[in-house]
Amino acid sequence: MTKTNAGRFFEDYAVGDVITHAVPRTMSGGERALYHALYPARGALYSSDEFARNCGLPASPLDDLITFHTVFGKTVPDVSLNAIANLGYAEGRWLAPVYPGDTLTSVSEVIGIKQNSNGKSGVVWVRTTGRNQHGADVLSYVRWVMVRKRSEGDAPATVVPTLAPAIAPSDLQVPDGLHFNDYDATLAGEPHRLRDYAVGEVIDHVDGVTVEESEHMLATRLWQNTSKVHFDATNRADGKRLIYGGHVISLARALSFNGLANAQMIVALNAGAHANPCFAGDTVRAWSEVLELAETAVAGVGAIRLRLVATKGAAGVLRTDDGKYAPDVLLDLDYWALMPL
Amino acid sequence: MTKTNAGRFFEDYAVGDVITHAVPRTMSGGERALYHALYPARGALYSSDEFARNCGLPASPLDDLITFHTVFGKTVPDVSLNAIANLGYAEGRWLAPVYPGDTLTSVSEVIGIKQNSNGKSGVVWVRTTGRNQHGADVLSYVRWVMVRKRSEGDAPATVVPTLAPAIAPSDLQVPDGLHFNDYDATLAGEPHRLRDYAVGEVIDHVDGVTVEESEHMLATRLWQNTSKVHFDATNRADGKRLIYGGHVISLARALSFNGLANAQMIVALNAGAHANPCFAGDTVRAWSEVLELAETAVAGVGAIRLRLVATKGAAGVLRTDDGKYAPDVLLDLDYWALMPL
Amino acid sequence: MTKTNAGRFFEDYAVGDVITHAVPRTMSGGERALYHALYPARGALYSSDEFARNCGLPASPLDDLITFHTVFGKTVPDVSLNAIANLGYAEGRWLAPVYPGDTLTSVSEVIGIKQNSNGKSGVVWVRTTGRNQHGADVLSYVRWVMVRKRSEGDAPATVVPTLAPAIAPSDLQVPDGLHFNDYDATLAGEPHRLRDYAVGEVIDHVDGVTVEESEHMLATRLWQNTSKVHFDATNRADGKRLIYGGHVISLARALSFNGLANAQMIVALNAGAHANPCFAGDTVRAWSEVLELAETAVAGVGAIRLRLVATKGAAGVLRTDDGKYAPDVLLDLDYWALMPL
């Protein structure tokens, strides 16, 4: 019997299975510093303890996407080692901030399976929950992936979960204590508050970042994501490594500071598609479209729902005439962030 | 109205304007570790808490250039986004060490403006001050840049500030408590004290470092410097990104350990010129010339004034016969450091 | 007299010399985070404070190889600046874990010298000891290198130290408090305990990592290793930089998680050879062979002796018919790790 992990195949998943993922991780200021080195992140709440305290938090939390990548990375050996494609995200909710010193673990429950008609693969839906050392949930999201079958054969009963198209504003979790009563827009970097944005508004975030092989590998390793395609140049004739989709998410989110500096905390991930692969040498740009504006349970704390698009092309272009993603589009993400009203 | 920052143009500056720069930053051991990964830095005072305590400090401070880059980076969106050239530095003084846990902010005052005769651009002088969370100044320096005009037109009244050619030794700020009474030269790495150096002495720091695209981008992002030219390969036909001048400063200063291991703390920046651009693939070397030797207000703590030159060529070569910087020279920096007498 | 360090030549070593190496180093969570970014490290004990506490330690220590690289890096300016080759390691013992906040120093004693018959170089053996700020030894190992002579001439008396072929299991230092009584194999990542391994068993660790110039330079600088060959592209016609052998050790050890997730702590380095040079662009893979299984002084804590091979080729291939290392083999390392019985 081999001692190495060959990953799970479609047959290895059954609805109701609960998988505890390995390798808990204690975070420190080192992860935060690396995040700032890897992405042009400038959100004041994630940069300054003083700014965060002024917003009612005990200190500056780690970027919400550090939490996402860390929780996600742990699931790779159990969920996506034999994945053909990462198909989507839904019902993502950030439930508590993560601070240096916190230790994160991940657990996934299989909530859906559907064999493909070719009998060679199938789709698996999992709900993944990240927890801290106190047992508190910090993040929960659904992801579905297409996974190879070990061998062709009978299909298990199909279970397709019903997923909300978006998190309702009333279900957004505002972190304990957070307020924007003494919000310093000068230090945050921009004057625009929720009331200054309009549904349908498109923001070109202007700047571009050209990606290098070593950067995306540093990032992907940092999240202990073991997917071979990101690290091994012998997988492709051109020697390029497929860039982890989450790297593109973080790049685009960081670039979106320019125009959305006050979209401070990500609290929900409604949907997401990695429209086209990203490779070293690509220059990644980003644009956002305002999808919805809402209040939250906390006075003064608004919520902005955004489509965040990472692209190698022009701002505002998402799909071609046939309804498919334009070839330059890398990412189409639908999320909620908290913003001063 | 666009929500993104188009940067200021020459017309947007008036003498006396005070600009509070955005995005305060809390430092940690992560920034220090990254500094050690990005530059061959070996100064014992910045590497070891024990060594720093033995010199009267409460712990090892962050490298003085981490403070410089962090304070400088914050000014970029307000001062140099539309800059044509970074023209010079003067009157730089480090006023207090920065430790992990400190939060830095930057403020700049416009102290001079002078429209160019072509009517298309002008020079702006700003005095930038970095402060910690206690409101104490940690760094102050003057920088002047050439900035584009939004449109041609009348010139404002010219104000050219009077700047000291160098900080006087009596104005050098020795950090509270610092002493070299129990200085351990073995652990510091070299036996040479201030008295062992002579004005006019030239030191070839021997080693070279070949720069990669990903390294300078990691560094420049870490300081939250948003200047497009450092990150976007589509700005130039050859796909190279112009390397942040501060990256070259840190490389040269770190290389200068070999021969100047006891030039422990940078306390003043008298002048500086980025003589030629640096690109990935360049192998950066450094040499120093001793300009002045002085005592400070603290017994046993001397000050050495150094010309630090980063070059792709030979040590000792600074200018060609016509008085211009030799094409291999990247940086010509004039600074004061503290050294055991 | 030049002020820069030209390094020691063979004539500069005498048996009994004790060299205190410069630049003590205080570690933080930043070094740990960088280690996770640079290597695909997933050992639970080095990733999670909670996991480490569950094993009886006060917190998660820094990776044992961080200790090794840091202690080793300090010796380079005194031992291997003029080295022609790094010939071997022996009698390596990790004596106490290193935690964020600890400060490391290195001392080496010359224990052997032997001039080569060509009169132009010789072999020097040193025993290097790393210590923390409390004066406790954290690591001790013997290394021997071939060093240039300054000039040809008479040979000093030859002293060749007697070195153990391997550390005896009874000499392995189990850290104070360490136990595996409540070991969580699910969180560790694999179910295999010491009893599940057999002497002679070969494990292919499957995954490959393609190395980039910037990554190995970031790593090597982080350990303050100043060897020119790793940083200066002008040293070779092809512009490649020779990769620090320790970078390959860390890559291979991290890859070996897949099949050896429970080989938690490295406690001894019995022998090691850098079989062939590694360069950017190489895709590094790893395989292990189980050499010995043993108990330790602590009930429940077993020890596994492993041959760890880094290679650009197939698993299991070590030498060609002539007894030499196969050209694809980069590293052949013999070490002891602690594992639940």
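Student: Which rotation and which shift superpose chain A on chain B?

Tutor: Two copies of a chain are related by a rotation about an axis and a shift along it. In this predicted model, a rotation of 120° with 0.0 Å of shift along its axis puts chain A on chain B, with an RMSD of 0.0 Å. Copies are superposed by least squares on the C-alpha atoms of residues with pLDDT of at least 70 in both.

Student: What conventions apply to the numbering and to the model?

Tutor: Residues are numbered from 1 along each chain as its sequence is written, and chains are lettered from A and ligands numbered from 1 in the order in which they are written. The model is predicted, so local features need pLDDT of at least 70 and side-chain atom pairs count only at pLDDT 80 or more, while totals for chains, interfaces and linings use all residues; side-chain values use heavy atoms, with hydrogens and water left out.

Student: Which residue of chain A comes closest to the rotation axis?

Tutor: A:Gly30, whose C-alpha is at 2.2 Å. The copies use different surfaces, since 9% of the contact residues of chain A recur in chain B. Contact means heavy atoms within 4.5 Å.

Student: How many residues of chain A and chain B are in contact, and what area do the two chains bury between them?

Tutor: In chain A 43 residues are in contact with 33 residues of chain B. The two chains bury about 2,900 Å² between them, 57% of it on carbon and sulfur atoms. Buried area is the accessible area (1.4 Å probe) that two parts lose on being put together, summed over both. A:Ala37, A:Arg42 and A:Leu187 supply 20% of the area that chain A buries against chain B, more than any other three residues.

Student: What relation holds between chain C and chain A?

Tutor: Chain C is superposed on chain A by a rotation of 120° with 0.0 Å of shift along its axis (RMSD 0.0 Å). That is the relation of a three-fold axis.

Student: At what angle do helix 1 of chain A and helix 1 of chain C cross?

Tutor: Two packed helices are described by the angle between their axes and the distance between the axes. Here the axes of the two helices (residues 29–38 in each chain) come within 7 Å and cross at roughly 55°. That makes helix 1 of chain A oblique to helix 1 of chain C. Angles under 35 degrees count as roughly parallel, over 145 as roughly antiparallel, 65 to 115 as roughly perpendicular and the rest as oblique. Axes are lines fitted to C-alpha atoms, for helices over the stretch in contact, and angles run from 0 to 180 degrees between N-to-C directions. Helices (H or I, at least four residues) are DSSP runs, numbered from the N terminus.

Student: Which residues make that contact?

Tutor: A:Gly30, A:Glu31 and A:Leu34 of helix 1 of chain A, with C:Gly29, C:Gly30, C:Ala33, C:Leu34 and C:Ala37 of helix 1 of chain C. They divide into four nonpolar, three polar and one charged. Ala, Val, Leu, Ile, Met, Phe, Trp, Tyr, Cys and Pro count as nonpolar, Asp, Glu, Lys and Arg as charged, and the others, Gly among them, as polar.

Student: Where do helix 5 of chain B and helix 5 of chain C meet?

Tutor: Their axes are 8 Å apart, at an angle of about 55°. B:Ser214, B:Glu215 and B:Leu218 meet C:Ser214, C:Met217, C:Leu218 and C:Arg221.
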